[in-house]
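Work through the following exercises with the sequence and the model at hand. Each task is followed by a solution in steps.

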Amino acid sequence: MAVFTPVSDDDARELLKHYSLGELISLRGITAGIENTNYFLATTQGEYVLTLFEVLTYEQLPFYIELMHHLAQKGIPVPEPQTRRNGERLGLLHGKPTAIVTRLSGGYEPDPGATHCTLAGATLARTHLAGSSFAMQQPNLRGLGWWRETIPKVLPFLDPGQAELISAVLEEQIAFAQSGLYGELPSGPAHCDLFRDNVLFDGTYETPRMGGFIDFYFAGCDTWLFDVAVSVNDWCIDRNSGAFIDEKLQAWLRAYAQVRPFTAAERQAWPLLLQAAALRFWTSRLFDYFLPRPAQTLKPHDPRHFERVLRQRRTAPAPALP
Ligand SMILES: Nc1ncnc2c1ncn2[C@@H]1O[C@H](COP(=O)(O)OP(=O)(O)OP(=O)(O)O)[C@@H](O)[C@H]1O
Ligand SMILES: N[C@@H](CCO)C(=O)O
């Protein structure tokens with residue numbers, strides 16, 4: 001359930017006075033999602049999503065909100081934060097930071113085919129290029145620094161084989177981050193969590209249309225290839241083994257490369273980035289599983305899934321980038 005802070009019709013009417021978005025038609029709580037309070041909000045001018053941020057603070061939010069604004073202005077299909085009469089895009093409701101963003105059409109595809117992969121890959125490349133002119137800077141807060149801090153906390157819960165694996169991969173990633181090769185990788189604002197449940201598709205299964213990317217609240221500046229690796233590690237795999245499905249992977253990567261061709265440094269770094277992306281989510285899932293936040297409502301995702309993905313990426317030869 002994702003209404004942690006109830007919002008009444010009267011609250012919404014009061015809030016809408018701060019915007020030029022017309023009059024309230026309806027307000028409906030969204031049941032999906034685990035972190036924020038979300039409502040579908042219909043007004044006489046359009047369809048929106050009202051979000052009350054339950055975890056991120058007012059000070060932490062501008063990077064994400066302004067990035068979405070920047071991308072929307074550049075024609076990337078992302079929720080567009082609406083601007084209040086006072087020029088700001090964030091407000092407060094029931095003491096929580098609040099934003100109204102445009103509602104994208106479509107739904108998420110749990111079983112994406114090659115066509116979905118093509119659309120997602122091309123749109124991510126366009127997102128990267130559009131984001132390169134975004135002025136604000138914020139590192140990926142779930143990057144190497146966070147892995148170094150978090151892995152020692154989860155180590156006591158692991159068996160010796162797992163502990164050895166996660167420690168070895170962390171050491172390799174620390175060395176890689178200090179290498180000249182790493183410094184050559186193109187970087188900029190990245191979504192950093194572009195799993196299939198964060199992309200909406202319209203149309204039919206056979207002929208899908210891109211609805212857009214949602215949930216930018218793990219975004220940060222990172223190598224673009226890390227973003228690609230996070231995505232294909234979710235979109236293009238056999239869910240049981242973690243192995244890549246070649247047709248989907250090729251569709252995803254070719255579509256991305258048609259918009260932004262990969263560099264020589266990226267080709268060389270690819271196997272390590274695929275492991276980095278698997279390590280990132282193995283670590284966060286271990287952390288959420290063994291050390292849940294006191295008020296955490298989510299049912300933790302299975303950490304072993306990303307252990308399997310990581311082992312796959314270390315044993316199977318990495319497919320070359322197109
Ligand atoms: N701008 C949008 N347009 C259309 N649907 C949206 C939009 N934003 C959110 N949704 C819908 O609301 C659901 C919940 O949103 P979201 O995934 O962002 O939840 P959350 O609690 O904020 O984050 P988390 O993914 O961490 O649970 C999505 O699955 C999607 O169906
Ligand atoms: N996409 C993440 C959850 C949100 O970061 C995961 O599947 O672990």
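**Exercise 1. Domains**

Into which domains is the chain divided?

Solution. The model is predicted: local features need pLDDT of at least 70, side-chain atom pairs count only at pLDDT 80 or more, and totals for chains, interfaces and linings use all residues. Residues are numbered from 1 along each chain as its sequence is written, while chains are lettered from A and ligands numbered from 1 in the order in which they are written.

Step 1. The chain splits into domain 1 (9-102) and domain 2 (114-315), with bounds from an automatic or database domain assignment.

Step 2. Between the C-alpha centres of domain 1 and domain 2 there are 27 Å. Their contact (C-beta atoms, placed from the backbone, within 7 Å) takes 14 residues from domain 1 and 19 residues from domain 2.

Step 3. On the side of domain 1 that touches domain 2 there are 11 nonpolar, one polar and two charged residues. Here Ala, Val, Leu, Ile, Met, Phe, Trp, Tyr, Cys and Pro count as nonpolar, Asp, Glu, Lys and Arg as charged, and the others, Gly among them, as polar.

**Exercise 2. Helices α3 and α8**

Find the relative orientation of α3 and α8.

Solution. Helices are DSSP runs (H or I, at least four residues), numbered from the N terminus. Axes are lines fitted to C-alpha atoms, for helices over the stretch in contact, and angles run from 0 to 180 degrees between N-to-C directions.

Step 1. Helix α3 (residues 114-131) packs on helix α8 (residues 246-259) at about 30°, the axes being 7 Å apart.

Step 2. The two helices α3 and α8 are therefore roughly parallel to each other. Angles under 35 degrees count as roughly parallel, over 145 as roughly antiparallel, 65 to 115 as roughly perpendicular and the rest as oblique.

Step 3. α3 and α8 cross in a right-handed sense; a crossing is right-handed if the near helix is turned clockwise from the far one by less than a right angle, and left-handed if anticlockwise.

**Exercise 3. Two partners of α9**

Which residues of α5 and α9 meet, and which make the contact of α7 with α9?

Solution.

Step 1. Helix α5 (residues 160-177) packs on α9 at an angle of about 125°, with 11 Å between the axes. The pair α5 and α9 is therefore oblique, and its crossing is left-handed.

Step 2. From α5, Val-169, Gln-173 and Phe-176 meet Leu-272, Gln-275, Ala-276 and Leu-279 of α9. This contact of α5 with α9 has five nonpolar, two polar and no charged residues.

Step 3. The axes of helix α7 (residues 224-235) and helix α9 (residues 264-290) come within 8 Å and cross at roughly 55°. α7 and α9 are therefore oblique too, but α7 passes α9 in a right-handed crossing.

Step 4. α7 contributes Leu-225, Phe-226, Ala-229, Val-230 and Asn-233, and α9 contributes residues including Glu-266, Trp-270 and Leu-273. By class, the contact of α7 with α9 holds 11 nonpolar, one polar and one charged.

Technical notes
Two residues are in contact if their C-beta atoms, placed from the backbone, lie within 7 Å.
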